[in-house]
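My entries follow in the order I made them.

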Amino acid sequence: MSELPEPRLFSCADATGAVHDQGAHVIDWIPTGHAPVLWLSPSTALETGKPVRGGVPICFPWFADGAEGGREPKHGFARTLPWHVESRESSDHEAMIVYRLSDADVTEPAHQEQFPYQFEAYCVVRFGTELSLELSVTNTGERPFDFEEALHAYLVVGDVRKIRVEGLDGASYRDKVLDREDCVQEGDLRFDGETDRVYRSTGDVAVVDPVLGRVLRIRKKNSGTTVVWNPGAETAAAMPDVGPDGWTDFVCVEGANTHADAVHLEPEETHSMGYRLSVETTAEDPGRPPA
Ligand SMILES: O=P(O)(O)OC[C@H]1O[C@H](O)[C@H](O)[C@@H](O)[C@@H]1O
């Protein structure tokens, strides 16, 4: 293992940002006039071949250990492979980069065995008043395949115990902490410990943060799954790159297509999933007790 090269830095009138080529992994986005939006663990490994804890990891071609289970590495090989820069452009109000990964980059036999298909993936990242990521996958081979994907964003929050996530009311979900299928969300989602839920939901989501006085809005495109994750105190304490105090500082709200929403591609077909993030300052009283 060697140290990761410095990330690529982006700057325009409306934002700054940073991305590692490994995993096409966005690690920073600061819209002008706001505090940082993406959480990055201060103790994350920044080494070739190791996942980075924070930012927006790309999970592909499977999520966790895959729809049928048993796949490795967790969340697929794309997040630890170096992606290729296809193009980069900047204007006054937006900085943009296009990354590309294909089956030719998958050199580990164990990875090839688990996903023996020809594909081409592009990730277009735009830094501006919004952070926008679009992951497109094309089947460039002669056999159909299924894949899972997630844009696994780590969002900075003032205190996860005081936020609420709106937009999932009524959605069915799998609770990975309780190991229960077919749960249904009632009202807003709040956090008082380990939370790991895979929602069937195409809708937009808002993270209302009374401590930082802001709302993070997530707009999804072609995404049937929203994953919400926070490790809680106990699990976090056992994770060296989160630690006993780190878990209150972030929540993951992920745009995804997993399990029943896995994507099927016939030869020459393309699927694109979009994830857009924006910030609004609010006047909500930080002392307001939870409803
Ligand atoms: O530790 P990682 O491989 O980065 O995974 C972090 C988390 O990702 C997702 O949100 C999953 O639903 C969780 O079960 C998992 O713990």
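Is Cys 123 buried or exposed? I found Cys 123 buried, with a relative accessible area of 0%; buried means under 20% relative accessible area, exposed over 50%, and partly exposed in between (1.4 Å probe, protein chains only).

Before going on, I noted that this is a predicted model, where local features need pLDDT of at least 70 and side-chain atom pairs count only at pLDDT 80 or more, while totals for chains, interfaces and linings use all residues. Residues are numbered from 1 along each chain as its sequence is written, and side-chain values use heavy atoms, with hydrogens and water left out.

**Cysteines.** I looked for disulfides (pairs of cysteine sulfur atoms within 2.5 Å) and got zero. For Cys 123 the closest cysteine sulfur is in Cys 59, 12 Å away, so the distance is too far for a bond. Cys 183 is buried too, at a relative accessible area of 4%. Its closest cysteine sulfur is 20 Å off, in Cys 252, again too far for a bond.

**Ligand.** Then I checked polar contacts (pairs of N or O atoms within 3.5 Å). A polar side-chain atom of Asp 196 is 2.5 Å from a ligand oxygen. For the side chain of His 75, the distance from an N or O atom to a ligand oxygen is 3.0 Å, and for Lys 74 it is 3.3 Å. The ligand taken alone exposes 390 Å², of which the protein buries 88% (Shrake-Rupley method, 1.4 Å probe).

**Pockets.** I used a 1 Å grid over the protein atoms alone; a pocket is an open set of points where a 1.4 Å probe fits, with protein on both sides within 12 Å along at least five of seven lines, and lining residues have an atom within 4 Å of a point. The largest pocket has a volume of about 410 Å³, the volume being the space filled by probe spheres set on the points. It is lined by 21 residues, and the closest to its centre are Arg 53, Lys 74, His 75, Arg 79 and His 152.

Key: Polar contact = N/O pair within 3.5 Å; in protein donor to acceptor, adjacent residues only side chain to side chain.
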